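Open the model in your viewer and keep the selection tool at hand. The stops below are meant to be taken in order.

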Amino acid sequence: MRFHYVGQAGLELLTSGDPPTSASQSAGITGAGKPPMFGDYEAQRHWQEITFNLPVKQWYFNSSDNNLQYWGLDYPPLTAYHSLLCAYMAKFINPDWIALHTSRGYESQAHKLFMRSTVLIADLLIYIPAVVLYCCCLKEISTKKKIANALCILLYPGLILIDYGHFQYNSVSLGFALWGILGVSCDWDLLGSLAFCLAVNYKQMELYHSLPFFCFLLGKCFKKGLKGKGFVLLVKLACTVVASFILCWLPFFTEREQTLQVLRRLFPVDRGLFEDKVANIWCSFNVLLKIKDILPRHIQLIMRPVCLILSDIPFMSTWFLLVSTFSMLPLLLKDELLMPSVVTTMAFFIACVTSFTIFEKTSEEELQLKSFSISVRKYLPCFTFLSRIIQYLFLISVITMVLLTLMTVTLNPPQKLPDLFSVLVCFVSCLNFLFFLVYFNIIIMWDSKNRRNQKKIS
Amino acid sequence: MAALTIAVGTGNWFSALALGVTLLKCLLIPTYHSTDFEVHRNWLAITHSLPISQWYYEATSEWTLDYPPFFAWFEYILSHVAKYFDQEMLNVHNLNYSSSRTLLFQRFSVIFTDILFVYAVHECCKCIGGKKVGKELTEKPKFILSVLLLWNFGLLIVDHIHFQYNGFLFGLMLLSIARLFQKRHIEGAFLFAVLLHFKHIYLYVAPAYGVYLLRSYCFTANKPDGSIRWNSFSSVRVISLGLVVFLVSALSLGPFLALNQLPQVFSRLFPFKRGLCHAYWAPNFWALYNALDKVLSVIGLKLKFLDPNKIPKASMTSGLVQQFQHTVLPSVTPLATLICTLIAILPSIFCLWFKPQGPRGFLRCLILCALSSFMFGWHVHEKAILLAILPMSLLSVGKAGDASVFLILTTTGHYSLFPLLFTAPELPIKILLMLLFTIYSISSLKTLFRKEKPLFNWVETFYLLGLGPLEVGCEFVFPLTSWKLKYPFIPLLLTSVYCAVGITYAWFKLYVSVLIDPPVDKTKKQ
């Protein structure tokens with residue numbers, strides 16, 4: 001008799017449809033079956049254990065019950081609250097999953113299903129609605145293109161693989177950040193800044209994106225005039241930010257030592273911020289959000305909604321997103337996610353190619369490089385082959401990535417240089433990222449010049 | 001890679017769909033697989049290691065070879081590729097051997113052989129006409145049909161999770177149907193004959209082929225009123241058809257005839273010692289019959305009409321495949337099911353003979369044969385519903401009435417496949433994929449036929465919506481109750497009976513539409 005063995009969990013009932021996420025979850029998880037430290041999956045489970053069993057005051061402190069060396073909490077309080085919420089659900093289903101001390105290294109199919117469902121629920125509640133709403137707000141695009149846009153963004157392999165394969169909750173903070181961006185670009189400044197504060201309080205890496213947010217909102221206040229409405233707005237924003245921070249950190253503000261300890265865990269000066277290549281995804285979203293190239297006068301350009309890039313410059317965005325996924329290759333191989341990586345990358349590529357017909361959009365105008373090449377042609381009249389160069393670069397880049405992938409998978413590195421392939425992958429990705437950095441800088445600088453010229457003319 | 005980029009870059013939607021579903025299949029490689037995985041590994045081992053004379057006698061494993069010889073040869077060819085993956089899987093004594101390389105090989109072999117299915121879908125799309133509702137690609141009947149076939153939920157989970165080789169077999173069937181649509185009758189007949197010798201379950205639809213070919217191919221012309229013109233009988237055509245079938249059968253069964261093993265082969269192919277119903281009742285007429293029997297027996301016990309001592313202990317739902325007796329209603333024998341099936345098929349066959357409507361009429365008859373055999377057959381597997389669902393997709397993009405029947409049949413049929421995947425990690429996958437497919441099929445067909453009357457009346461809508469609570473109840477609520485230990489078979493019983501209602505209704509509606517439809521006017525083009 002086939003009984004229905006089901007790991008009960010608060011499962012989704014209706015979804016917007018995302019086969020790759022649910023299908024890639026049956027692949028490996030990070031650190032599966034690898035004592036004594038296991039991986040990020042165990043870290044998340046451990047945080048549920050800690051937050052549920054210990055009082056708030058002990059969450060960030062080293063104690064006999066809470067050994068900070070074994071996956072100590074090092075994200076801001078909102079992550080801790082989220083873990084607590086998940087722990088309550090876990091307690092309802094099977095208390096063994098979060099029993100203090102005894103649940104270390106717990107691995108079972110039902111538990112895996114539960115943990116993956118928590119990621120999926122977070123996705124559904126926060127990230128996916130933000131993406132869908134964003135695509136709906138795009139102007140001058142047909143419904144079909146909006147849907148295609150949303151699909152391509154959601155199919156981005158990097159996020160799927162890290163969240164569902166490696167196991168993290170990046171979609172929560174990214175979702176909040178996206179809500180923030182949506183809010184400020186639709187003139188709901190208070191809600192936008194609240195959402196962004198939540199994002200920062202979920203993962204401190206969102207601080208990368210805080211500077212443009214701050215600058216943009218400040219610029220808005222200045223525009224409205226510091227003497228009148230602008231000042232009021234500034235005060236309102238400040239209050240919102242302060243209030244949201246206080247709300248999140250309330251239990252830790254009671255003692256100075258508490259606050260300091262949390263800060264010490266969040267910003268460990270002795271560790272690097274780019275540890276273990278997981279931070280690559282933050283690098284990727286960094287450049288995606290054009291953060292590194294902030295020039296104060298061009299804030300408006302920078303704060304264009306993030307994924308507008310995909311429908312505006314589909315060719316470069318697709319290329320960039322492919323490189324960002326490739327840069328995580330060593331990590332994904334460690335987690336035995338080769339097949340899902342290859343499959344989701346190909347799916348993403350095919351989706352972008354069919355939705356946006358990117359190979360036809362490589363002219364200078366499509367790449368927004370027209371003003372740049374016009375300026376260059378003033379000095380070098382023969383500079384007409386820019387798009388051709390870029391196409392070749394794309395081909396070289398893709399071929400290199402494919403070759404490196406094949407080499408990493410099939411060949412063994414020489415004994416003297418065991419990390420050879422990882423380093424090569426990093427190096428190639430870095431080269432690509434530098435190229436994109438230059439490209440985005442060019443766009444910004446020449447686009448603003450263009451605008452000023454247009455203003456002069458009109 | 002370059003060809004891929006070109007094909008995809010030119011916006012060729014068919015390739016994109018095919019590639020997309022192939023990528024999804026790759027993601028499904030590490031999922032749960034059933035004992036069918038071991039079955040096929042065993043057959044690889046048998047065909048590789050033993051001489052032909054032993055193939056149908058080998059019984060080291062309980063999963064003996066019970067498909068016709070062409071499938072055995074297919075496994076033989078596969079085994080020669082398998083030896084480069086893992087030599088150990090080809091050892092007959094390595095029962096339940098499933099190394100990661102074995103898994104990879106087997107899964108990839110299914111994905112690879114699906115190429116035939118993709119080709120068949122491509123050919124079918126060329127054949128169907130369909131009205132042009134709008135200029136949008138996604139509203140063209142060809143596009144909808146491609147998605148309904150390539151991304152068919154039932155085929156995906158049966159082939160790529162549960163593990164079977166139905167993809168290329170259905171490819172053969174769809175290809176033979178396409179060839180009949182294209183008036184290449186000999187090819188169609190040949191393909192079907194080959195298919196029969198791959199998997200004999202397609203005997204269910206053989207009457208449709210036989211009658212159609214006889215009526216519409218061997219009689220080359222009709223009288224003006226559509227009835228048969230006896231003097232247009234072409235013996236050349238009959239002989240060529242017969243020759244094709246004979247040659248294929250000779251190729252398949254010839255070696256075993258020479259070895260005098262035919263009785264053994266047939267006993268393997270048609271094991272009637274199994275019970276009326278599979279461990280999980282396929283949602284057919286007998287499921288309703290069994291349920292009624294159970295209900296009556298319970299009522300009878302309560303009202304003291306029945307003597308508790310006379311009731312057999314073995315329960316229908318105990319999960320063992322065995323023979324058992326009904327308590328209140330008369331017991332059913334294989335002969336009875338055969339007679340019921342024949343009676344059920346006869347009206348559609350008569351329609352095909354007396355009111356031939358070309359390939360479309362043939363397709364309807366085929367679907368009715370498949371459905372009727374599903375409804376009344378002996379020891380029917382729930383997977384057999386796919387035999388009706390896939391050809392029905394071809395009809396669904398033609399007429400609104402067919403679309404409505406198709407949607408009911410498909411949704412209930414697919415839902416009835418849920419108990420095949422009972423493991424925890426597959427739960428989100430099956431729910432998600434099912435929802436995707438159902439929502440897409442309903443919305444796209446509704447858009448296609450938006451100018452006609454609505455596809456469902458309120459009864460049908462409620463019935464389909466009722467599947468949601470049923471799933472929630474069976475999968476989530478039931479295991480938390482105390483009934484789980486006392487009556488563990490209730491979810492399966494409920495699923496089976498609920499789906500049986502839907503499938504019976506769809507069968508009935510389709511039959512009515514075939515019988516009532518007026519014969520097509522001779523001046524109209526097919």
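**The largest core**

Begin by selecting Ile177(B) and Leu445(B): in the largest nonpolar core, which has 154 residues, these two touch the most other members. A nonpolar core is a set of buried Ala, Val, Leu, Ile, Met, Phe, Trp, Tyr and Cys residues joined through side-chain atoms within 4.5 Å. Next, colour helix H16 (residues 358-376) of chain B, which gives this core its largest share, twelve residues. Domain 1 (13-269) and domain 2 (285-331 + 379-520) of chain B each supply at least three residues to this core, with bounds from an automatic or database domain assignment.

This is a predicted model, in which local features need pLDDT of at least 70 and side-chain atom pairs count only at pLDDT 80 or more, while totals for chains, interfaces and linings use all residues. Residues are numbered from 1 along each chain as its sequence is written, chains are lettered from A and ligands numbered from 1 in the order in which they are written, and side-chain values use heavy atoms, leaving out hydrogens and water.

**Around Ile177(B)**

Beyond neighbours within four places in sequence, Ile177(B) is in contact (heavy atoms within 4.5 Å) with Tyr209(B), Phe362(B), Leu363(B), Leu366(B), Pro391(B) and Leu394(B).

**Thr337(B)**

Now select Thr337(B), which sits in helix H15 (residues 334-354) of chain B; helices are DSSP runs (H or I, at least four residues), numbered from the N terminus. Is Thr337(B) buried or exposed? Thr337(B) is buried because its relative accessibility is 2%; buried means under 20% relative accessible area, exposed over 50%, partly exposed in between (1.4 Å probe, protein chains only).

Note on methods. Helix = DSSP H or I, 4+ residues; strand = E, 2+ residues; numbered from the N terminus.
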